[in-house]
Amino acid sequence: MSTYPNITIIASLIADPSRAIFLEALLDGRALPAGELAYIAKITPQTASNHLSKLVEGGLLVVEKQGRHRYYRLANQEIAFLIESMANIAPPVQVRSLKQSDQLRHLSFARTCYGHLAGKLGISLCEALLREEYLIEPEDEENKDYTITAKGYDWLASFGIELQVKPGSRRALARKCLDWSERRHHLSGLLGEQLNRRLSQLDWTRQITGSRSVELTEKGKTGLYEALNISL
């Protein structure tokens with residue numbers, strides 16, 4: 001008997017195309033009803049219900065009941081990282097329609113990933129923070145966490161972000177996250193989430209309804225250029 005965790009259980013749950021679509025659709029951290037997930041996966045509600053039950057039983061999703069409706073979301077951030085990591089080694093998407101091409105373009109430009117920004121926008125933010133020396137690359141290649149400098153904390157405060165970490169918390173503060181669409185790193189962790197939230201508050205970014213894609217507003221283009229010399 002193997003002493004290693006049985007990863008085949010998780011692998012078999014993700015391997016089904018419909019269940020994989022559910023997990024990818026929930027990567028932005030939202031909770032979605034079964035009917036909407038069935039529509040996204042183009043399967044019947046009954047089939048979707050069966051798949052969702054298996055994902056809940058397997059610990060990949062959690063379900064919340066509100067009246068007669070059930071809303072599903074990823075069980076935790078580790079699941080999001082797992083799906084994103086798999087996307088990094090998956091074969092490139094074969095575009096077969098104009099609609100699919102547009103969707104991929106929007107996702108590649110900017111999207112949410114469990115609370116933080118990914119795509120070209122997320123990468124540009126991360127690289128700008130490094131360029132301005134608000135963040136420092138880890139010295140050890142095995143280390144996935146950036147260091148926030150004193151200069152960085154000052155800038156974040158001026159930008160309206162106060163990072164407060166609970167004592168004893170093991171949560172990542174500023175973590176490197178390899179972007180599946182651009183093959184470069186964007187910023188996750190608490191700082192990544194706070195930046196995403198702050199840009200939305202400033203109306204520099206807007207979530208596109210019914211999608212993980214994010215729109216950069218004209219106000220946001222001006223603001224990012226003035227704040228971090230980012231041109232998009």
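Colleague: What stands opposite Glu 64 in strand 3?

Modeller: That's Tyr 71. Keep in mind that this is a predicted model, where local features need pLDDT of at least 70, side-chain atom pairs count only at pLDDT 80 or more, and totals for chains, interfaces and linings use all residues. Residues are numbered from 1 along each chain as its sequence is written, and side-chain values use heavy atoms, with hydrogens and water left out.

Colleague: OK. How many bridges join strand 2 to strand 3, and which way do the two run?

Modeller: Six bridges, and strand 2 (residues 61–66) and strand 3 (residues 69–74) run antiparallel. Strands here are DSSP runs of E with at least two residues, helices are runs of H or I with at least four, and both are numbered from the N terminus. Two strands pair if DSSP finds at least two bridges between them. Lys 65 has Arg 70 of strand 3 as its bridge partner.

Colleague: And what's going on at Gly 67?

Modeller: Gly 67 belongs to the hairpin of strand 2 and strand 3, with two residues between the strands, and takes a positive phi near 65°.

Colleague: Which other strand is joined to strand 3 by bridges?

Modeller: Strand 1 (residues 32–33), through two bridges, and that pair is antiparallel as well. Pro 33 stands opposite Tyr 71 there, so Tyr 71 has Pro 33 facing it as well as Glu 64, going by the pairing rule of at least two bridges.

Colleague: Switching topic. Where is Ile 161, and is it buried or exposed?

Modeller: Ile 161 is in the loop between helix 8 (150–158) and strand 8 (175–178). Its relative accessible area is 3%, so it is buried. The cut-offs are under 20% for buried, over 50% for exposed and partly exposed in between, with a 1.4 Å probe and protein chains only.

Colleague: What does Ile 161 touch?

Modeller: Leaving aside neighbours within four places in sequence, Ile 161 is in contact (heavy atoms within 4.5 Å) with Leu 156, Gln 194, Leu 195 and Arg 198.

Colleague: What about Asn 196, where does that lie?

Modeller: Asn 196 lies in helix 9 (residues 189–201). Its relative accessibility is 13%, so Asn 196 counts as buried. Not counting residues up to four places away in sequence, it touches Thr 112, Gly 115, His 116, Leu 117 and Thr 205.

Colleague: Back to backbone angles. Which residues other than glycine have a positive phi?

Modeller: Arg 183, with phi near 60°, is one of them, and Asn 229, near 55°, is another. Arg 183 sits in the loop between strand 8 and strand 9 (185–188), and Asn 229 in the segment after helix 10 (218–228). Arg 183 counts as partly exposed because its relative accessibility is 41%, and so does Asn 229 at 46%.

Colleague: Now the whole chain. How many helices and strands are there?

Modeller: Ten helices and eleven strands.

Colleague: Why does the radius of gyration agree with a compact globule?

Modeller: Because a compact globule of 232 residues would have a value near 17 Å, and the chain has 19 Å, which agrees. That radius is taken over C-alpha atoms, and the globule rule is 2.2 Å times the number of residues to the power 0.38. The C-alpha trace spans about 55 × 50 × 40 Å along its principal axes.

Colleague: How much of the chain is buried?

Modeller: 38% of the 232 residues count as buried.
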